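Dear colleague,

Please find the structure we discussed below, together with its sequence.

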Amino acid sequence: MVRAIYPGSFDPVTYGHLDIIKRSSKIFDELIVCVLNNSGKKSPLFSLEERVKMLCDVLSDYDNVKVSSSDGLLVDFAKQNDVSIIVRGLRGMSDFDFEFQMAQVNKTISTKIETVFMATEPSLSYISSSIVKEFASYGKSVKDLVPEIVLHRVEEKYNIL
């Protein structure tokens, strides 16, 4: 059985994230979507628990995808869950620079960890959680960027009617 992890902050989960999840779930026997509590990022819009719940709701139809969370290093989470593959989505070259560096660091920590890079569907490459939050903070609709379940929760956070 080939298991992989798709990590991220998912604050909130977007159609770009779902593209990577959908395609990865067809490649691997099991995909763990791991919500990271990233201490390096400013205060998130959604709590860790809210992000996990949204992902569970959005991914309920995926039989081989499970949602989890971690406060620690991803390589430690991978070891604890007997996973040797990390899936990383790439929107563009700027993502690659950062993700390549992280893959190299992870490889130095654990030689058993491999990173697989997957390019986001071109029509979704402009979508990021940051853009969703930016648009919503100005009262703009983000209905084309996030699933309906997430849309309602974003609108609640920003008091968008």
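The notes below cover the cores, the salt bridges and some individual residues.

This is a predicted model, in which local features need pLDDT of at least 70 and side-chain atom pairs count only at pLDDT 80 or more, while totals for chains, interfaces and linings use all residues. Residues are numbered from 1 along each chain as its sequence is written, and side-chain values use heavy atoms, with hydrogens and water left out.

Nonpolar cores

In soluble globular proteins, nonpolar side chains tend to be buried together. A nonpolar core here is a set of buried Ala, Val, Leu, Ile, Met, Phe, Trp, Tyr and Cys residues joined through side-chain atoms within 4.5 Å. Buried means under 20% relative accessible area, exposed over 50%, and partly exposed in between (1.4 Å probe, protein chains only). The largest core has 35 residues, and Ile21, Leu31, Val33, Leu55, Leu59 and Val142 have the most contacts inside it. Among the elements that each supply at least two residues of this core are strand 1 (3-8), helix 1 (15-27), strand 2 (30-36) and helix 5 (129-137); helices (H or I, at least four residues) and strands (E, at least two) are DSSP runs, numbered from the N terminus. Helix 2 gives the largest share, five residues. A second, separate core has eleven residues, including Ile5, Leu36, Phe77 and Ala78.

Ile21 touches Tyr6, Leu31, Val33, Leu55, Leu59 and Val65, not counting residues up to four places away in sequence; contact means heavy atoms within 4.5 Å.

Salt bridges

The whole structure holds ten salt bridges, each being a side-chain nitrogen of Lys or Arg within 4 Å of a carboxyl oxygen of Asp or Glu. Aspartate 11 pairs with lysine 133, their closest N and O atoms being 3.2 Å apart. This pair links distant parts of the chain, as aspartate 11 lies in the loop between strand 1 and helix 1 and lysine 133 in helix 5, 122 residues apart. Aspartate 11 is buried, because its relative accessibility is 4%, whereas lysine 133, at 22%, counts as partly exposed.

Leucine 45, in the loop between strand 2 and helix 2, is in contact with both Asp11 and Lys133, and also with Glu50, Lys157 and Tyr158, leaving aside its neighbours within four places in sequence. The C-alpha atoms of leucine 45 and aspartate 11 are separated by 6.4 Å, although the two are 34 residues apart along the chain.

Arginine 88 and glutamate 99 form a salt bridge of 2.7 Å, N to O. Arginine 88 lies in strand 4 and glutamate 99 in helix 4, so the pair ties together parts that are eleven residues apart in sequence. Both arginine 88 and glutamate 99 are buried. By contrast, lysine 143 and aspartate 144, which meet in a salt bridge of 3.8 Å, N to O, are both exposed. Lys53, Asp57 and Arg153 are linked in a network of salt bridges.

Helix 4

Aspartate 95 is in helix 4 and is buried, because its relative accessible area is 15%. Aspartate 95 touches Gly89 and Leu90, not counting residues up to four places away in sequence. The side chain of aspartate 95 also reaches the backbone nitrogen of arginine 91 at 2.8 Å, a polar contact (a pair of N or O atoms within 3.5 Å; within protein, one must be able to donate a hydrogen and the other to accept it, and residues adjacent in sequence count only if both atoms are side-chain atoms).

With kind regards
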